[in-house]
Amino acid sequence: MTDTQNDTSTVSVTINGVEIHAAPGELLIDAAERTGTYIPRFCYHSRMKPVGMCRMCLVEVDSGRGPALQPSCMIPVSDGMTVDTESDATKKAQDGVLEFLLINHPLDCPVCDKGGECPLQDQTMAFGPGESRFVEEKRHFEKPMPISDTVYLDRERCILCDRCTRFADEVAGDTLIHFMDRGNNTQVNTFPDEPFASYFSGNTVQICPVGALTAKPYRFKARPWDLEETVSTAWTDSVGSRVTVQSSRNQVLRLLGVDSDAVNWGWLSDKERFGFEALNADARLTTPLVRAGADSELAPIGWGAAMSRVATAFAGVDPARVGVVGGARLTNESQYAWTKLAKGVIGTDNVDAQLSDGIPAEVVLGLPRATIADACQPGGTVILVGPDPKEDLGALFLRLRHAVVNDGTTLIELTPTRTGLSGIAAHSLHPRPGEVGQLAHALASARRGTAIEAAGVSASAIADAANAISGPVTVVLGRASTAESAEAVVDAAVALNAIDGVGFLSALRRGNVHGAFEAGMAPGLLPGRRTLTDAGAVADIWGSVPTTAGMDTAAMLTAAAAGSLDVLVLLGADPLADFPDNELAQRALAGVGTILAVETLPNASTTGYAHIVLPAAAPTESAGTFTNLEGRVSISAQKVTAPGTARADWQIAAEIGSRLGVDLGLASVEAIRAEMAAVSDVHATVTEEALATDPVEGVLLSGGSISAPTASGSMAPANDAYSLRLVATRRMYDNGTMVQACPASAGLAAAVQVRLNPADFDKLGVEPGAIVKVLSGKGELMAPVAIDVGVPVGSAAIPANAPDVNANRLIDATTLVTDVRVERA
């Protein structure tokens with residue numbers, strides 16, 4: 001829409017003598033800014049509801065009854081409206097507002113973290129009185145006051161703009177911070193003994209217009225003018241939130257959310273926001289390490305000697321006895337380089353970016369794709385078949401919550417336990433573990449008029465949910481529990497794919513796992529969504545590709561445990577912690593002849609079992625691109641240099657290829673992207689020009705397809721009267737390597753609990769918090785028990801990878817479901 005546009009879909013408004021055109025209902029403050037007139041504000045934020053708290057945006061508005069001062073954040077434009085943002089009355093009002101705000105505001109700008117980027121500073125200079133008539137003592141509070149492990153509150157600086165409280169209530173749904181007291185004593189605070197324990201608390205720091213809220217990881221670290229910045233992509237989950245990476249003295253000091261209309265709207269989870277701390281950890285790997293013998297420790301070695309060891313390990317090995325596990329940490333370019341090395345040079349198709357904790361790549365790529373915007377369409381329906389987005393995909397949770405609360409989107413849950421969205425879901429159906437496919441089939445049948453009971457859910461509940469489906473339908477699809485196989489989720493996807501016009505939005509959690517799929521880091525796949533039997537341009541450029549589909553991670557570890565795998569490459573993977581079956585992972589790692597780990601930080605698998613460890617550059621230390629869960633490619637920019645002699649992952653792959661006598665022909669990330677575009681129609685649109693044109697919104701992949709998945713027909717066996725079915729769900733904070741390397745996040749991982757439905761809990765005859773023993777055919781653990789009505793009858797919910805004990809010691813990766821017994825200790 002332009003200033004000169006004039007049609008029946010717009011209204012004419014005159015601002016400071018210049019006629020503009022705006023959409024009916026557009027707020028005056030937005031219409032003015034869009035056409036080049038900035039109106040000062042403190043409380044207004046374009047992603048939240050206006051409240052008119054600060055009155056800084058007062059301007060003279062004449063709607064036909066004469067000019068009057070009105071808050072522009074609360075006034076929608078109307079045809080013929082005349083606005084004056086520079087009149088004497090407007091200037092006097094803004095001057096007065098600032099004088100009142102500064103009455104009690106401390107003059108501590110030299111020591112305030114907001115200094116230099118503070119809207120109150122800027123607007124006082126631009127619109128303020130220049131001096132204060134106030135000579136009395138200012139109001140004082142204890143400062144600073146920690147209101148969570150990461151956020152500090154300075155109540156003296158607060159101007160009561162309501163931004164933080166509105167975000168907590170409207171956006172996050174975590175009403176943990178409020179206005180308290182009255183009059184001159186009004187303050188923002190938390191309830192006694194209830195900290196601001198929100199997964200999204202860092203957003204309040206970013207949107208605070210003064211220095212009232214500050215983040216512990218950034219306090220007193222740098223001034224804005226000391227920082228250099230670049231737009232990049234968050235890497236801790238698969239949402240691909242846009243961020244600004246800020247650094248000083250070759251160290252990343254802060255991440256800020258960037259408002260991408262397609263993705264995260266400027267919001268970040270705290271795991272995304274503070275994940276940079278792991279990049280600065282003292283434990284970072286900085287030099288290659290090798291293990292001289294079976295009982296020896298890892299010792300530093302030079303790159304030349306380390307690469308010679310790698311080349312020796314691969315020399316003469318049957319490609320079928322080589323496996324590559326992991327890769328979701330890598331950029332798209334590094335994923336392509338490693339796929340080319342493994343499948344084009346070494347000749348193995350045993351490549352899997354997942355650790356058997358997601359759903360098969362061919363399922364994600366074979367279903368009709370939906371975007372985040374598709375899922376959040378007003379009047380549409382979202383069917384959640386997967387994990388709790390609040391725990392796994394924070395920014396997606398905020399988008400979905402906004403759609404349901406504000407835009408009339410209908411949410412139907414098919415999840416094994418209650419989620420962070422259950423309170424606003426139209427229908428929450430909780431199937432027994434391993435039976436979500438049967439429930440999805442029953443839901444699809446109910447839409448056709450036949451309602452039946454399934455998976456422990458009544459026919460009437462299924463019929464009610466089916467009748468609520470309206471408008472465009474998007475299925476958010478993922479693996480809710482690592483204690484059950486992916487087959488039931490695949491069956492659910494096949495059943496729901498029968499709904500007309502349905503689209504699927506992947507809810508796989510691992511960073512760049514979708515980029516790995518597109519690069520062919522899955523058994524049976526090649527770049528561009530090609531299969532081994534349809535290699536096309538891939539075979540032409542690579543020279544050769546495997547002819548037989550390889551093994552996934554579970555099969556590779558099973559082979560390794562049987563002594564049938566000679567070399568195992570771990571690309572940012574920790575099977576001991578993340579593979580669902582810990583006992584199998586241990587036997588596998590102990591049974592491999594050579595384990596090559598390419599890592600940024602040490603983990604249990606590398607320190608305990610790896611024979612060669614190569615240090616890799618982390619995000620912000622190497623350039624590339626990232627593909628998010630909707631297939632959107634965005635820049636992953638380099639801002640600092642890697643510590644020590646750590647190298648980019650693609651450079652490591654290229655060097656190994658050279659040691660094996662093959663030049664991969666990959667000299668730069670630009671060269672890799674050019675080759676990807678040449679072998680993959682899917683990546684043909686990812687040009688340097690397209691990436692530079694819109695670095696915030698990125699490039700949405702299109703084209704290329706593989707066959708739609710088919711139902712497995714799997715049926716979970718009935719469990720006996722004495723056992724419960726295990727549900728192992730992920731939490732945002734766990735015992736993961738990156739989380740534990742972040743001081744702001746390491747202590748936030750909750751201790752393990754066994755959560756039971758009241759009906760199952762009563763049978764134990766113990767008090768809440770009592771220690772119980774959980775046993776399975778694989779192992780046992782001890783943990784306190786808790787009551788949770790969100791856990792279905794007959795199930796026991798335990799978090800995966802908790803800091804003190806991991807649920808994967810109970811899980812058998814070869815079975816559809818895992819049955820456990822819960823006993824008094």
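**Cavities**

By cavity I mean a set of points, on a 1 Å grid over the protein atoms alone, where a 1.4 Å probe fits but cannot get out; lining residues have an atom within 4 Å of a point. I join grid points across faces, edges and corners, and a volume is the space filled by probe spheres set on the points.

A note on the source: this is a predicted model, in which local features need pLDDT of at least 70, side-chain atom pairs count only at pLDDT 80 or more, and totals for chains, interfaces and linings use all residues. Residues are numbered from 1 along each chain as its sequence is written, and side-chain values use heavy atoms, with hydrogens and water left out.

How much space lies in the largest cavity? I get about 760 Å³. The largest cavity is lined by 40 residues, and T236, R329, R510, G572 and M738 are the closest to its centre.

My helices (H or I, at least four residues) and strands (E, at least two) are DSSP runs, numbered from the N terminus.

By class, I find 14 nonpolar, 16 polar and 10 charged residues lining the largest cavity. I count Ala, Val, Leu, Ile, Met, Phe, Trp, Tyr, Cys and Pro as nonpolar, Asp, Glu, Lys and Arg as charged, and the others, Gly among them, as polar.

The second largest cavity has about 140 Å³ of space. Of its 15 lining residues, D357, G358, R479, L508 and R509 lie nearest the centre. This lining divides into 6 nonpolar, 3 polar and 6 charged residues.

**Overall build**

I find 27 helices and 36 strands in the protein chain. Its radius of gyration is 28 Å, close to the 28 Å that the globule rule gives for 825 residues, so the chain is as compact as a globular protein of that length. I take the radius over C-alpha atoms, and the rule is 2.2 Å times the number of residues to the power 0.38. The C-alpha trace spans about 85 × 60 × 55 Å along its principal axes.

Of the 825 residues, 60% are buried; buried means under 20% relative accessible area, exposed over 50%, and partly exposed in between (1.4 Å probe, protein chains only). Among contacts (heavy atoms within 4.5 Å) between residues at least 6 apart in sequence, 70% join residues at least 24 apart.

**Backbone spots**

Where does P144 sit? I place P144 in the loop between α3 (119-127) and β6 (145-146), and the peptide bond from K143 to P144 is cis, with omega near -20°. E142 lies in the loop between α3 and β6 and is exposed at 56% relative accessibility. Its C-alpha atom is 9.5 Å from that of L153, 11 residues apart along the chain.

I also looked up positive phi values. R249 has a phi of about 55° although it is not a glycine, and it sits in the loop between β12 (242-248) and β13 (251-257). Is R249 buried or exposed? At 65% relative accessibility, R249 is exposed.

A455, also not a glycine, has a positive phi near 55°. I find A455 in the loop between α13 (436-447) and α14 (459-468), and A455 is buried at a relative accessible area of 4%.

Note on methods:
1 Å grid on protein atoms, 1.4 Å probe; cavity = no way out; pocket = protein on both sides within 12 Å on 5 of 7 lines; lining within 4 Å.
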